[in-house]
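This report walks through the contacts that hold side chains together in the structure shown below. It takes charged pairs, nonpolar cores, strands and aromatic rings in turn.

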Amino acid sequence: MLIMDSPNDKVLGDFMTDNETTLMEIDQSNIAAEDEEENDPFLKFIDYAKSILHQNEGELEEDSARSPGWSWITNRILKTCVSYPSGVTPAILLSELSQAWNEHIRSGAPKKQSDVIMKLKKKHKRAKLPNTVTIDSVFEKKFLSLSSVIEAVIIDAFILPGTNIYMLTLGDIWSSNTLDLYLHRRFYSIADPDNGILKKGREVLLTGCYLRVATGSSVCARLLPTEYFVVLLDEDEDDDAMLIGAQFCSDSFSSVSLDSVKEGASYSLYARIENIGPLEVHGKSGSLERKQITLVDNDGIRLIFFLWGEQALIANLFSVGSMLALDRPFIASVVDNSLEICDEVCLEYGSATQLYLVPLILHEEQVSVALTQNHYQGSRLLTALNPSEGPIVSQVTLPCDSQGSIDFRNYPFRSYVVDLRNKMTGISLYGVVTDIRVSDGIFSLKIEDTTGAIWAKLHFIKSWSLGRLAMAHTVYISGLSSSLTPQESLQLSWYENATGSSFFNLSCLPAFPNTSCLHRLLCLTDLSIHTSGAQVCRVWLDQVEHCHVNTRYMHTLCGHRVDQGPNGDLECKFCQSICNAEVELTFHLKITLADDTSKIFAWCIGQTAAELLQISPDEFCGLSEDEQIMYPSSLEREKFTVSIVNSRDDSGSFLEQDRDRAEWEVTRAIKCE
């Protein structure tokens with residue numbers, strides 16, 4: 001039994017009633033696994049990096065409150081490792097982390113801002129859009145991509161002297177610089193100095209912008225006119241509330257009529273954004289792009305708002321749950337667009353259409369820091385700040401959407417399986433894959449950490465795109481969301497194209513064996529103790545006369561073997577698909593690895609097998625039969641640094657065909673010079 005003798009006993013006791021599983025329920029059989037995780041170099045480096053970033057933060061109160069979350073640090077480390085496949089030093093990782101975090105928070109303390117922006121900052125409660133860039137960053141990089149979003153505040157509106165060209169001076173709440181915009185003529189009607197709403201203090205969103213960089217006699221950079229411009233409204237402001245009531249509440253979706261449109265009628269509509277669909281590609285040559293925005297009015301009636309071609313950029317300005325006001329949208333016939341939906345009409349962004357948005361207000365919820373944080377991380381991080389205190393329980397504030405789902409993307413700690421509850425988004429998990437299943441094109445992974453296991457369903461845009469993955473591989477996955485099945489059991493979902501989604505297979509990461517802060521170098525005898533996840537050993541090839549070298553075809557997308565079906569097609573058992581045009585010749589190797597302490601019999605496939613054999617499959621097949629038999633003898637006692645996992649499994653998975661009684665899989669190999 002765990003005895004709690006810290007000053008926080010009462011808080012701990014109260015909190016336990018809200019948790020289905022507590023630390024006191026951890027079985028003694030898990031102690032070894034917990035000790036192994038406590039010594040995981042990768043996890044220890046994440047905590048070390050977090051402490052370094054915390055020390056380097058500014059003295060401003062708002063900066064110190066915005067420390068990087070556990071998942072942010074983990075993502076940046078692994079992305080850097082992908083960028084440096086030959087390995088990376090701790091110094092490089094810390095430098096990359098520090099630079100990325102400084103860029104992330106640099107906008108938090110601008111040198112000087114106008115009174116207009118300072119006033120807005122105090123009531124700014126909406127979530128930052130995914131593609132948002134700051135004006136300061138535009139000045140620094142002298143670059144702005146078309147898909148970038150600027151969340152701006154109008155500092156000044158004026159007409160260029162001697163012309164009728166309207167200009168807006170824009171700032172944002174994160175920057176000290178301002179940027180001038182040539183206003184597109186379609187918005188001149190709402191920029192009128194007397195009756196327009198594009199005045200000082202108005203918030204706007206814009207995308208699809210071209211930046212004119214300052215050159216020659218031009219003293220400053222400016223934004224060229226863009227049609228993709230949305231005006232923000234605030235229902236708490238009297239003028240905006242009156243505008244919404246007077247202009248957008250008289251028409252409803254049920255009143256929209258094609259006959260009236262043909263007679264010259266126009267509509268002003270107000271509805272909630274229910275869904276933002278993915279980018280679709282149409283046309284024989286795939287040149288026509290389209291996005292569907294599902295809108296719901298106050299009567300519960302739905303209409304589709306279509307964005308075509310470059311107009312799809314406007315969707316970057318929207319967020320689900322926000323209210324969208326459409327002034328004079330183009331009313332189209334569903335038949336005209338050959339759309340497979342039941343509505344008679346749909347909406348489009350026409351040449352006279354203007355958009356207004358009441359953004360979804362970001363609600364926050366107090367979330368208790370789970371007991372696992374105190375058990376696994378308390379000794380490393382929390383108590384490091386005050387060694388005299390024992391593990392503590394505290395709370396963090398996280399954003400919550402209109403459906404009650406809590407966003408854990410910026411959660412400061414690692415999430416464990418035991419911590420997961422219904423209606424969580426932005427979850428990150430670090431664990432070992434213990435089972436893989438495929439049904440109707442949906443892949444399900446069973447991910448296990450020291451507190452338990454859970455199933456996660458992976459949804460891909462087209463097909464599997466994560467490279468080779470097998471049992472016992474160590475993975476890090478972010479962008480997960482939780483929900484309850486009809487049987488009231490908890491499950492996770494992951495969408496490849498969702499904001500914040502990432503997937504890293506540490507076992508197959510090229511940089512893993514050569515990056516000392518990600519692993520500890522073990523002897524083969526230690527593998528009997530450290531059986532979970534990817535391990536790194538320095539070995540030589542032994543008893544090569546008993547090795548088994550086979551060539552076979554492999555599915556290039558997933559790295560698994562393919563078999564020929566009854567009709568002659570090549571079938572991937574992993575993806576459960578026909579893959580005639582997506583195969584390559586590969587090795588399947590079984591060989592003895594040895595060091596000064598022990599020997600093991602291991603297997604590998606693909607590039608790893610070619611690295612151990614130091615020959616390509618095509619070159620090997622070009623040898624004569626006798627040369628193929630003799631070839632392995634030339635590799636006796638060749639030394640390698642290898643990533644290795646224990647692939648033993650009792651679940652009867654279809655992946656068993658790749659093992660053939662060899663319990664250890666070599667996932668990466670690097671020849672020692």
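This is a predicted model: local features need pLDDT of at least 70, side-chain atom pairs count only at pLDDT 80 or more; totals for chains, interfaces and linings use all residues.

Asp-180 belongs to strand E3 (residues 179-182) and Arg-222 to strand E6 (residues 222-223), so the bridge ties together parts that are 42 residues apart in sequence. Asp-180 counts as buried because its relative accessibility is 14%, and Arg-222, with a relative accessible area of 17%, is buried as well.

A salt bridge also forms between Arg-290 and Glu-280, whose closest N and O atoms are 2.7 Å apart. This pair links distant parts of the chain, since Arg-290 is in strand E10 (residues 288-296) and Glu-280 in strand E9 (residues 280-282), ten residues apart. Arg-290 has a relative accessible area of 8% and is therefore buried. Arg-437 and Asp-435 meet through their side chains in a salt bridge of 3.2 Å, N to O, and here Asp-435 is buried at a relative accessible area of 8%. Elsewhere, Arg-126, Glu-151 and Glu-203 are linked in a network of salt bridges, and the count for the model comes to 15 salt bridges.

## Nonpolar cores

The largest nonpolar core has 64 residues, and the residues with the most contacts inside it are Leu-198, Leu-206, Phe-229, Leu-295, Phe-305 and Phe-318. Leaving aside residues up to four places away in sequence, Leu-295 touches a set of residues including Phe-253, Ile-273, Ile-301, Phe-305, Leu-326 and Leu-347. A second, separate core has 38 residues, among them Leu-420, Ile-454, Val-475 and Cys-558.

Strand E11 (residues 302-308) runs parallel to E14 and is joined to it by two bridges, and Phe-306 has Glu-348 as its bridge partner in E14. Strand E13 (residues 330-333) runs antiparallel to E14, with four bridges between them, and in E14 the bridge partner of Ile-331 is Leu-347.

## Aromatic rings

The structure holds 20 aromatic pairs. In one of them, the rings of Phe-42 and Tyr-430 have centres 5.4 Å apart and planes at 50°, so this pair is tilted.

Phe-443 and Phe-460 form an edge-to-face pair, 5.8 Å from centre to centre and with 90° between the planes. Phe-443 lies in strand E21 (residues 442-449), while Phe-460 lies in the loop between strand E22 (452-459) and strand E23 (474-484), so the pair ties together parts that are 17 residues apart in sequence.

## Charges over rings

Some charged side chains are placed against aromatic rings. The charged end of Lys-128 sits over the ring of Trp-174, at 4.4 Å from its centre, and Arg-637 lies over the face of Trp-540, 4.2 Å from the ring centre.

Methods:
Residues are numbered from 1 along each chain as its sequence is written. Side-chain values use heavy atoms; hydrogens and water are left out. A salt bridge is a side-chain nitrogen of Lys or Arg within 4 Å of a carboxyl oxygen of Asp or Glu. Buried means under 20% relative accessible area, exposed over 50%, partly exposed in between (1.4 Å probe, protein chains only). A nonpolar core is a set of buried Ala, Val, Leu, Ile, Met, Phe, Trp, Tyr and Cys residues joined through side-chain atoms within 4.5 Å. Contact means heavy atoms within 4.5 Å. Two strands pair if DSSP finds at least two bridges between them. Rings of Phe, Tyr and Trp (its six-membered ring) pair if their centres lie within 6.5 Å; planes under 30 degrees apart count as stacked, over 60 as edge-to-face and the rest as tilted. A charge sits over a ring if NZ of Lys or CZ of Arg is within 6 Å of the ring centre and within 35 degrees of the ring normal.
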